[in-house]
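Subject: Structure for you to look at

Hello,

Here is the structure I promised to pass on. Please open it first; my notes follow below.

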4 protein chains.
Amino acid sequence: MSIYLTLKQECYNANMQLPKLDLVVYTFGNVSAVDREKGVFAIKPSGVPYEELKVEDIVIVDFDNNIIEGNMRPSSDTKTHAFLYKNWKNIGGICHTHSTYAVSWAQAQRDIPIFGTTHADHLTVDIPCAPPMSDDLIQGDYEHNTGQQILDCFVSKGLNPEEVEMVLIGNHGPFAWGKNAAKAVYNSKVMEEIARMAYLTLQINPNAPRLKDALIKKHFERKHGKDAYYGQGC
Amino acid sequence: MSIYLTLKQECYNANMQLPKLDLVVYTFGNVSAVDREKGVFAIKPSGVPYEELKVEDIVIVDFDNNIIEGNMRPSSDTKTHAFLYKNWKNIGGICHTHSTYAVSWAQAQRDIPIFGTTHADHLTVDIPCAPPMSDDLIQGDYEHNTGQQILDCFVSKGLNPEEVEMVLIGNHGPFAWGKNAAKAVYNSKVMEEIARMAYLTLQINPNAPRLKDALIKKHFERKHGKDAYYGQGC
Amino acid sequence: MSIYLTLKQECYNANMQLPKLDLVVYTFGNVSAVDREKGVFAIKPSGVPYEELKVEDIVIVDFDNNIIEGNMRPSSDTKTHAFLYKNWKNIGGICHTHSTYAVSWAQAQRDIPIFGTTHADHLTVDIPCAPPMSDDLIQGDYEHNTGQQILDCFVSKGLNPEEVEMVLIGNHGPFAWGKNAAKAVYNSKVMEEIARMAYLTLQINPNAPRLKDALIKKHFERKHGKDAYYGQGC
Amino acid sequence: MSIYLTLKQECYNANMQLPKLDLVVYTFGNVSAVDREKGVFAIKPSGVPYEELKVEDIVIVDFDNNIIEGNMRPSSDTKTHAFLYKNWKNIGGICHTHSTYAVSWAQAQRDIPIFGTTHADHLTVDIPCAPPMSDDLIQGDYEHNTGQQILDCFVSKGLNPEEVEMVLIGNHGPFAWGKNAAKAVYNSKVMEEIARMAYLTLQINPNAPRLKDALIKKHFERKHGKDAYYGQGC
């Protein structure tokens, strides 16, 4: 029996949430889950329909993109996942989709403004949209460079990936992450819903103001501060 | 056996309607039901997914926010519910969601104009949007003050909570109430649908006129006047 | 056994399509079916949720609004149905809903322009929007006058109810009809879809042209002309 | 037993995907599958609801529109399918729908701009919108001429139907094709999703730029180039 069975199961479960949450059509998405101790992550195989996906199809890859276990080719976005795991030591799962509203903001090349408490419950800044890649990076190691592009965006904006767990890639779409694969999927769904609300908000009032600082602070700390009082504290 | 079992069951049933009616993703909502005789209300525990929620998880709280029965932490919005029950003696249930279209109007900081008979069947005025809270109130007892903010909005606009059973909190989202928890959920769904229609109406005709007074009066009285002739009269 | 059982069953079946086709929330809709020989029609009782509706709840009413059979109060819109059956001898069923996109056009007080072949497959003109009623008619016999308002709209525009089987009432919502109740529901669904497409068309191109006459004629005759070649000819 | 049973089954399966993928209401769509060796294609009968459709209802037609096998009248769009199979030797299936967003772009008479990688994963150019037909062609052999119109559009724009597997007909709606019927349906769904994202993109940013050439090339070759590395290579 594979020593990676638990990890594969976590990855499989998280991937199977994507169609249930209406975050994907066909195979337009992938989730990975990391095992820091073993130095590997589990990721969806490329182009396999969700209704056919099995736990044993999940591929195990190390942070240098070597396939450690599995008979199938891993997701074509694997190098982006590997890059982020290598550079951000505290994330446990990554989710990439082409969900409709998040993609539309990415294609519009705009950060998603923080308009309300639904947003502030999850992060205190606009959801950043990384600019499209330069041509030489595209022609180089594209998926690896997509990871680089996310990292550069976070460095240049002074963002902490443990506080801001989501990003848009200009012209492409969303990536989200979290302490594990389930949380990465959760953040993808939240981002999609925030993207939809922000779109509607601007349609109703093109001059809608950003959320005031006091409310941003209050809502985020309700859920994430040291005196957080949302949830059952476990 | 708990003397609050019936109340918990009413609260549980109403909460379980939220995902069925597409009013919530994850745990972004909560419903409470009051027992005026016993001076308590039942409310959803904080952060528990709907698919895991059980009747016995429902928490019993009094109007001063003391937990009377239950092992879980009540919704983080409990103080808002308590405040409204304390001040409005005739309401029997309260529902708070982050439903998409209602939130978008709240983020746009606009009242929802009364554009048609679907709206007038339920209330005779625009759905009010309370302004965002002042910074000192936010930094104070936030959820209590959210109740205060709703009350202030109704007082300043001369609205009666038995006639207008819904409100938007600027930058946050909708609250609705009614004679019981089921009616509060009903009003939340109606508000979401009205919010969606009003949004579309303005997209089709930015100069769409408000509904004329004679039609407002006619439709509301058809359903709610002393000679109401909608429904089976029970 | 009731001599109206078949008629009630037709009416019941058609009503039960409304929630399946996403044309209603709660009880915001009603369908009727006529029996010309007996001079009566069957209609949904007022305010009864679809999940509780039973065949025997359906109410039988004559064209002067007398209840002929049934223990429940008929739909509050019954007089509108009676008026239309009385004046338009060849229609067999009527459907009224508050479907989202059709209501939004009605609230915007605009005819729905004929933009494409989906529309032309069903009617050759814009879907008419009757103007809101004058105040004295509203204060009079409101539901009867709603029928009058529809009739006046068709007379003033020179429309034939056997060719144009749908209308919007300004500020209110859609009515559709057809040779039987099932066809009335079909026309309601088609109108909703046409309303949605026309809304999106104008968002994408505010100067989108109406469909050219040759295409209007061609598509309508493909389905409805004397040499129609759509369907199985039965 | 029919020698066309396998072909009918392929055609039936593809047709039954349309309601599951939310690409049709009622009978507003049809899929065909070709057998090049036998010189025939299988197509949905006209006007038959999906819930009643059976494998044996599928009609077998040759490229000159003669019915080879089947008791029902074939889709009213059959001549368009025949024309395309006759002219484009390498396509194996065709799908026509009235899906909402694709129709809306067709009614707006606009090509769908290539805004992102979701689009570029499937084709490297804007999705072309053929202009509405001239009046004399409409009054002639309409469905045959619809095929001609698609062909002319591809010739005039220098497009290859093996690289661009989808088109909009101005004022009408989308056609898609592929190596088989399942792939034609897949392309219809992808086109609908791309149409929806492009619509939202322009709402969020009316000046959204087209995707840069390097990204167009990169994404298309990832999936379709000679060194393609998406999927399992089978």
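A polar contact here is a pair of N or O atoms within 3.5 Å, where one must be able to donate a hydrogen and the other to accept it. By that rule, 20 residue pairs are in polar contact across the interface of chain A and chain B, both residues of each pair at pLDDT 80 or more. Keep in mind that this is a predicted model.

Which elements of chain A give two or more residues to the side that touches chain B? They are helix 4 (117-120), helix 7 (181-204) and helix 8 (213-224). Helix 7 of chain A gives the largest share, 13 residues. By type, this side of chain A has 18 nonpolar, 11 polar and 8 charged residues.

Now the interface as a whole. Contacts link 37 residues of chain A with 36 residues of chain B. About 3,100 Å² is buried between the two chains, and carbon and sulfur atoms give 55% of that area. The count of salt bridges between chain A and chain B is 3. One pairs the side chains of R222(A) and D77(B), at 3.4 Å from N to O.

Next, chain A by itself. Chain A holds 8 helices and 8 strands. Its C-alpha atoms fill a box of roughly 55 × 45 × 35 Å along the principal axes. Among contacts in chain A with a separation of 6 or more, 62% join residues 24 or more positions apart.

Best wishes

Methods
Residues numbered from 1 in each chain as written. Chains lettered and ligands numbered in written order. Predicted model: local features only at pLDDT ≥ 70, side-chain atom pairs only at ≥ 80, totals over all residues. Heavy atoms only, no water. Contact = heavy atoms within 4.5 Å. Buried area = accessible area lost by both parts, 1.4 Å probe. Salt bridge = Lys/Arg side-chain N within 4 Å of Asp/Glu carboxyl O. Polar contact = N/O pair within 3.5 Å; in protein donor to acceptor, adjacent residues only side chain to side chain. Helix = DSSP H or I, 4+ residues; strand = E, 2+ residues; numbered from the N terminus. Nonpolar A, V, L, I, M, F, W, Y, C, P; charged D, E, K, R; others polar.
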